[in-house]
Amino acid sequence: EHGSRLATVVWSMNQVKDARRRHWADVVAIVAGVWSFGEALWGPALFSSETIDRGAGATWLAFGIGGLLAIVAVLLAQRYTRPARIALGLAGLILLASPFAYRHPVLLPIVTSVAAGLAMLAAAPFIGRMPRDLPP
């Protein structure tokens, strides 16, 4: 009986740990997705004074696709975990690949793209159903 109680406590602690992990992965995915999509909407105006390069268009497209994929991944994760993780990982890879389109690299759009891409890749293995109530 003591072993059974211990197993139940350990299982419960693992559930709480998993819920926290999913919660923070979802939050990171939401923030990175909304940030990236916002960059697709307003970024060209911000970055246009920085550069006129073929990479600017590729980065704009990567922000749009990556941001939308991340938002879709969060919605998808509420029902289907594996496709959501794949979508979020793909969004991160797209954002990490976009700086390679520049002929003359410009720091601001590249750093922004890489930061969002890394955040998405870090959250991808943990994204899942958002916990209803998170224990302390």
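**View 1. Contacts around G128.** In this predicted model, G128 touches R22, D26, A77, Q78 and T81, when residues up to four places away in sequence are left out of the count. G128 itself lies in the segment after helix 4, the helix that spans residues 107-123. With a relative accessible area of 1%, G128 is buried, because the cut-off for that term is under 20%.

**View 2. G128 and R82.** These two residues, G128 and R82, are separated by 46 residues in sequence, while their C-alpha atoms are 8.6 Å apart in space.

**View 3. Helix 3 along its length.** Helix 3 covers residues 81-97, and its 17 residues reach 24 Å from the first C-alpha to the last, which is close to the 24 Å expected at 1.5 Å a residue. The buried residues of this helix are A84, A87, L88, G89, A91, G92 and L95.

**View 4. The largest nonpolar core.** The largest nonpolar core of the model has 20 residues, and those with the most contacts inside it are A29, A73, L88, L95, M120 and I127. Two or more residues are given to this core by each of helix 1 (2-47), helix 2 (54-77), helix 3 and helix 4, and the largest share, six residues, comes from helix 2.

**View 5. Surroundings of A29.** A29, one of the residues with the most contacts inside the largest nonpolar core, touches A70, V74, L88, A123 and I127, again without counting residues up to four places away in sequence.

Definitions and conventions:
Residues are numbered from 1 along each chain as its sequence is written. This is a predicted model: local features need pLDDT of at least 70, side-chain atom pairs count only at pLDDT 80 or more; totals for chains, interfaces and linings use all residues. Side-chain values use heavy atoms; hydrogens and water are left out. Helices (H or I, at least four residues) and strands (E, at least two) are DSSP runs, numbered from the N terminus. Buried means under 20% relative accessible area, exposed over 50%, partly exposed in between (1.4 Å probe, protein chains only). Contact means heavy atoms within 4.5 Å. The expected span of a helix is 1.5 Å times one less than its number of residues. A nonpolar core is a set of buried Ala, Val, Leu, Ile, Met, Phe, Trp, Tyr and Cys residues joined through side-chain atoms within 4.5 Å.
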